Amino acid sequence: MLPVTVRHVQSDLSGLTGSGQVRIKRIDAAASDFEILRWLGRVNRFHESTITAKEAGWPADQWTVMETVTDGQGREKKVRRERDIGTREASLLLSEPGVQTAKLPMLDGKPDQVRPFEVLGIPLPQPGYHLVEVESRLLGKALLANPAPMFVRTGALVTNLGVHFKRGRENSLVWVTTLDRAKPVAGAAVAVSDCRGKEVWSGKTDDKGLARIPRGFDNDQHEQCLVRQAWFVSARAPDAAGRPDMAFTFSDWMGGIDPWRFNQPLASGATPDTVAHTVMDRSLFRVGETVHMKHYLRQQTARGLKLPPAVGAPTKVILTHAGSGEETELPLSWPAGKGHAAGQWAIPATAKLGVYDVALASGHERWSSGQFRIEAFRLPVIDARLSGPKAAQVAVSETALELQLNVFAGGVMAQARTTVSALLKDRSPSFAGYGDFSFDLPRAGRVGEEMDDDSGETPEHDDGSRILLAHQALSTDANGAARVQIKNLPKTERPAELLTEVSFNDPNGEVQTVRQTVALWPSSVVVGLRSRSWVTKGGSTALQAVALGTDGKPLAGQAVQVRAKLMKMVSTRKRLVGGFYAYEHHENSKDLGVVCEAKTDEKGLAACDADLGQEPGEIQLVVEAKDEAKRVAKAGLSIWLTGQGDNWFAQDNDDRIDVLAEQAELQPGQTARLQVRMPHREATALVSIEREGILDTRIVQLRGDKPIIELPIPKAAGEQSWAPNVYVSVMVLRGRVRDVPWYSFFTWGWQSPSEWWQAWRHEGVDYQAPTAMVDLSKPSFKLGVAALRIGLAEHELNVSVTADKASYAVRDKAKVTVRVTRGGQPAAGASVAFAAVDESLLALKANDSWNLLDAMMQPRGWGWRPPPRKARSLGGATMARRPCRRAVAAGATRRASSSTPCCCGGPT
């Protein structure tokens, strides 16, 4: 049924008789994609616009009209121009073959006895794309300038197929499912056409309903598109009754699941990204020295890195002075079939000081590859090293650091006078893979603080800093060593850090400083806490705690508990002398006690649902754990509880859901566990591993009581590597929720007892009958994305450099052995770049260009476009349409309304 909203007409139109006439043309599955696009374009062209009489199909003698115009000199003359008519005055289907006609019923009853409007249903029993046009004389009398029939139209797709199209940079994917049961459709014919209706790919779905397309799709930029600049994807398959069924979607139908909603870095275009890096012997130079460079260039693909094609290889190196923008071009010869090229630059005497950016160039294309500096400097003479204790400092009352002063040229600084300063301050720890957890304690309450109304400044945060040593004298021994002893360390309930600085005079008389930071822990256990959201309406709130060692390794079987405290701020404004105002804040607290107790699993995680009540305010949650010595570790966070009233915070109207990974960083061979926070009791989910293209797919059944997905991370050996990162996309489908009374077993349940039992248990309790305004039981889908970082251990080459002697005299020859291994096995054929650099120069500025692995294996963007929204469900079928006047909320039902019968107009 296609709903049509009709209203009673005003009393001044009551003399007119006759109801609206309906014309319906069905485009079935036998029609080509070009034919469907052509009709979609025609409906779009006739949507509340103006067309010529020729386009409307009027007789040739009515194509033009004579008009009287006034020229620039005020003289009138007649000119002939094309006749323009409004699409509301022209019929789209009047002269088309194969059109069915029907009459809309009149609304009877006295004016004081009838309702303002009625919703009528136009039967659409057959699958296919239906063009529906309503002709109304009453509407024309009310709205048109001349008495004539008025036409409104729409397009409705009646189908039981759902088409979900994911387009990537290297390959793409089409998933075809049923709308009523959300089950995959095997053997469906799938076709992809451009915006002009030209087919570019066709195939069939497998037993999982998936059609894999071995190519990527950039944005369709063809001219003269039939409807819009987007790819058109269609699917055809017989329905349960054996009738040919079809459905379609456009690649830009993404309302509610737009890529920007998922807060992930995006990669666009079908061309693979290129990464470049330049390895230099050092990154700090003087005028007159030579910069030695080795350039690397790779393309990022779904299978890792590959050599770029010979065509378009870099032909020059461009050095750009960051301060002035002055560029220096160096020729570059890239060897065929090689992944690297060498070059050098003799720095001229006129070179400007400052930072230089290195880029590889080919034509108008550039790839940034590195950076170095040219400065006038003096090399340091003293190698100063301040090292902290190796063991973790847990609840210690004193600690010691070791100072060593060596001369770069050889020897030590014996009996050197130094001064030591030490500062203790609070620290907020963080651990790789646990970025969503809070390991810090919430702020302390503020009572009686004043804030100036004019400045709006709040008191600065107190990080608990205190000076423990201030310029204390210390001398090295005969070996240039000294011990820095720091005693009387105060106890703290949160992690802290001890910052120690040692200052001394080098042989040139300049003051040099070396510093070291030592982490202090109140317990050998480190706890963290995270919640689903920073705002909740009250009641049960999902929390997750983690217990780690000070080294960041998870602790299994650790008991944790979460305590809650309700905080409320009361602000009072008072008048000061001189007409100024200030605010005095009082913070009241209410202890809610222990709201969660649990033990961690083998991954150090513990999940629970905490009942926080309904009283609005700020809730401070503190998780506690004790180590073997009964020392307490605490961490926490704050969330806002809005209570039962209106939510003060804006809610997004979209179909995005959260997919949370227990660990954001994993190593090959481990298993990723992800929680899918879907609003359904049961659902069919398409899980796809994505980046430049699709790396892996699987179809899983999810249940609301355990919405967990487990993904084994493949190893690089023998399997496709996911390093350095991947994006796990979960598309959740729920079919139509059915009304399953007990007596339905005798109508259909006896034929499928298992299906009836599951439907009676899970669907019947959620079923809500459709109303005139909303259908909450219609088919639904949600999409969530989670990012996973994958370790690079399988891609790492271990390099060791050993010399034949520990020290050499001037003009001696050093024999150096370079050994390269991978996974403990020799790596033959590796390309080696060797450099001998003064250690004092590296002490002045480290050379980050040597970190080739991280430079080439950078985290990559999400090179996918989510599956577009195909349609809005209507009864047992599906209808996709454009709203008449304004935008419609996702999932809502649009009905056109006016003073006379009309149908929602607009193209699909």
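1. Leu 797, Val 799, Val 801, Val 816, Val 818, Val 832 and Phe 834 form a nonpolar patch on the surface, which together has about 600 Å² of accessible area. A patch of this kind takes residues with over 30% relative accessible area and no salt bridge, nonpolar side chains (Val, Leu, Ile, Met, Phe, Trp, Tyr) being joined within 5 Å; a salt bridge is a side-chain nitrogen of Lys or Arg within 4 Å of a carboxyl oxygen of Asp or Glu. Accessible areas come from the Shrake-Rupley method with a 1.4 Å probe, and for residues only the protein chains shown count as cover.

2. This is a predicted model, in which local features need pLDDT of at least 70 and side-chain atom pairs count only at pLDDT 80 or more, while totals for chains, interfaces and linings use all residues. Residues are numbered from 1 along each chain as its sequence is written, and side-chain values use heavy atoms, with hydrogens and water left out.

3. Strand S52 (798-803) and strand S53 (816-822) each supply at least two residues of the nonpolar patch, whereas Phe 834 is found in the loop between strand S54 (825-826) and helix H4 (839-844). Helices (H or I, at least four residues) and strands (E, at least two) are DSSP runs numbered from the N terminus. Phe 834 is exposed, at a relative accessible area of 55%, where exposed means over 50%, buried under 20% and partly exposed in between (1.4 Å probe, protein chains only).

4. For the chain as a whole, the secondary structure comes to five helices and 57 strands, and buried residues make up 44% of the 908 residues. Of the contacts (heavy atoms within 4.5 Å) with a separation of 6 or more, 71% are accounted for by residues 24 or more positions apart.

5. Which strands do the buried residues of H1 pack against? They pack against strand S2 (21-27), S9, S13, S16 and S17, and the buried residues of H1 include Trp 39, Leu 40 and Val 43.

6. Ala 267 lies in the loop between S17 and strand S18 (274-280) and counts as buried, at 8% relative accessibility.

7. Some backbone details could also be checked. A cis peptide bond, with omega about 0°, joins Ala 723 and Pro 724. Ala 395 has a positive phi of about 50° although it is not a glycine, and is partly exposed, with a relative accessible area of 49%. Arg 811, in the loop between S52 and S53, likewise has a positive phi, of about 75°, without being a glycine, and is exposed at 81% relative accessible area.

Key
Patches are made of residues with over 30% relative accessible area and no salt bridge: like charges are joined within 9 Å, nonpolar side chains (Val, Leu, Ile, Met, Phe, Trp, Tyr) within 5 Å.
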